[in-house]
Amino acid sequence: MLSSNKESITQAFADIQWGLGPTEGVGFYKSRKGSVAEQGPAPSLSFPGAALENNEDGPFQTKSEAEGLGLGDYKDLIAKSATPEKPISPCGAWALISECESGDHHFGKRIYCGREWCEVCGEDNSASHKRRQARILPKIQQVKELGYLVIEWPDWARHIGERGLNPDQDQGDPVAGWCYSKADLQETTNMIIEVLAGRRCGRRGRVGGFFARGVGRWHWFGDQCQGKWNPHFNVLVESGYLSKPELEGIKASLRFALNCPELIVHYSYFDKPGQMVQKVRYITRATFRDYSWNPYMAQDLFNFRNIRWWGNWKGEPAWDLGQAKVEGEDIAGLEAVSKLQEGLCPDCGQPLKVLYHNHRTGQPVQWSRPVDSIYLDIWGAQEISGTGYYRIPRQGWHGYIFSPGELLKLEKLAVKARASPSVSPEARMAREHVNAYWERKRRAWDELEDMGFGYFLRNAGK
Ligand SMILES: [Zn+2]
Ligand SMILES: [Zn+2]
C-alpha cells in the first residue's frame, strides 16, 4: 500500500499541472475531426470533465493532466466504437485538500468527472448531483416565490440541425435548428434568456423582459420515454402567480423569438422552502444517463455550458435549509458544501487558505494538487453526507504519511520554488519533488527502525 501510495503521489505531483478554471457546461465529448465511426480515435484534447457546471468535478484541461489520474482514456475508448463499453469509472479515486486560515480545519474533496452518463456521477443524489444543488441553493434561497418554466420542442423540431459529420465546422453560421447541435443550443439559450430577462442594452443593462433574475439548465431526455431525445430548458425565476394574460404573453414572446409557434411552455410556482429545494434537486439531476442514447449529441455537447444565470444574486437569504428539512427534504451537507464552494470554512467561517495564484488566470487556488483518495481513509476523514467532501480530523503525528498540513506546506514551497528559482536548501528540496523528499524521509525512518527505534517513532506525538 505504501509503495502504491508513493507512486500515486509521485505521479500526481510530477505529471499534473493545475488547470483550475471555472468553466461551465456538461462534460460531454466532442470529436474534433469528423465522425467517431469514420475517424477512429479522436484526438483527446481535453479531459471530458473540464467543462462541468462548476470547477468541482473536473479541474483538468489537458490530456496529460487527466491521464495522470487515469481519467484520460475514456474518450479514446468511446472513439473506438459507437457503442462504447463502460470502462471502470476513475471517479473519486483522487482527492484535493485544503485548510482554512485558522489552520485548524482541514477538508478534502474527491474529484469526479460529472458526466451525466458516468455510472458514478449520473446517479440521482450522487456527489456530483449534490454539488450542483449546493451551487444553486444559496441563490434560490434569496427568493420568496419560485417560478418554474419548462420550455420544450414539438417532436418534429427536435432533430433539425444535425450538421453532418462535422458539427463544429459551421459554428457561427445562421441557426438552422433549435436543439440539435451545440451551436443551436447556445443560440437558443441566449434567445430564451433575452426574452425572459430582457435584451442587453449597453450601460442600461437588460431592457424589457419578464423576470429580474433566474437560472436555467437543460435536460436532454424526459422521464417518460427512456432514451428518446427530448431537450427541454428548465428555468427557475423569481416569480409567483401569473395571470393568464401574463403567462400567454410570455409564451407568445418565446414562440415569436424562437420562431416556433408550437413551442411547449409550462409554468408553475412554489413558495414553500421544501418545494423550492425539490425543484433545485430536480433541475440539477442528470438526464443523459446513457451515452448510447445519442452518441451524436453526446459528442457535440462537449464543453457545452449547461447552466445559465441572470440578474443580481447578492441579496440576503429569504429562508434557510432548515425550513426545507422540516418539510421532509434531505438537505444534509448542502450548506457546508456551499460554503466550501465559495471558498469559506463551514466550521469557523474564515476563508480557505490561498496556496498560490494560477499563473494563467491569476485566480487564487485554495485546493491542493490531487492526492490518492486513500489518504482520506488513512487520515480518518469523515464524508459530509455523500457529497464527496470530507472533514479531516486534526493530525498531530509524523511518520510515513504526510498530514494534510504538511502536504499543503510542501505544495506552497514547490510553487514558490518554481516562481523564484533560488539556491536555498528548502527551495532545492521542493524542486526535487515531493517523492524525493518522501524517499529521504522514509529512508531515515527505515534506518531508525533498523536501529530499533520503531516503537518510539510510531508513538511519537500521539
Ligand atoms: Zn464520473
Ligand atoms: Zn475553519
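I take contact to mean heavy atoms within 4.5 Å. I note that this is a predicted model, where local features need pLDDT of at least 70, side-chain atom pairs count only at pLDDT 80 or more, and totals for chains, interfaces and linings use all residues. Residues are numbered from 1 along each chain as its sequence is written, and side-chain values use heavy atoms, without hydrogens or water.

**Chain**

I looked up contacts with a separation of 6 or more: residues 24 or more positions apart account for 71% of them. I find 16 helices and 16 strands (DSSP runs: H or I of at least four residues for helices, E of at least two for strands). Of the 462 residues, 52% are buried (under 20% relative accessible area, with exposed over 50%, partly exposed in between, 1.4 Å probe, protein chains only).

**Zinc site**

I checked which atoms coordinate the zinc ion (ligand 2): Cys100 (SG), His105 (ND1), Cys345 (SG) and Cys348 (SG), at 2.0 to 2.3 Å. Donors here are N, O and S atoms within 2.8 Å of the metal (3.2 Å for Na, K and Ca), and water is not among the atoms. The spacing in sequence reads C-x4-H-x239-C-x2-C. Angles among the 4 donor atoms run from 104 to 115°, and the site is tetrahedral (four donors, all angles between 85 and 135 degrees). Cys345 counts as buried because its relative accessibility is 1%. Cys348 is partly exposed at 34%.

**Helix pair**

I looked at α6 (residues 182-197) and α7 (residues 244-258): their axes come within 10 Å and cross at roughly 145°. Axes are lines fitted to C-alpha atoms over the stretch in contact, with angles from 0 to 180 degrees between N-to-C directions. Residues making the contact include Met191 and Ile192 of α6 and Leu254 and Leu258 of α7.

Terms used:
Chains lettered and ligands numbered in written order. Tetrahedral: all angles 85-135°; square planar, octahedral: opposite > 155°, others 65-115°.
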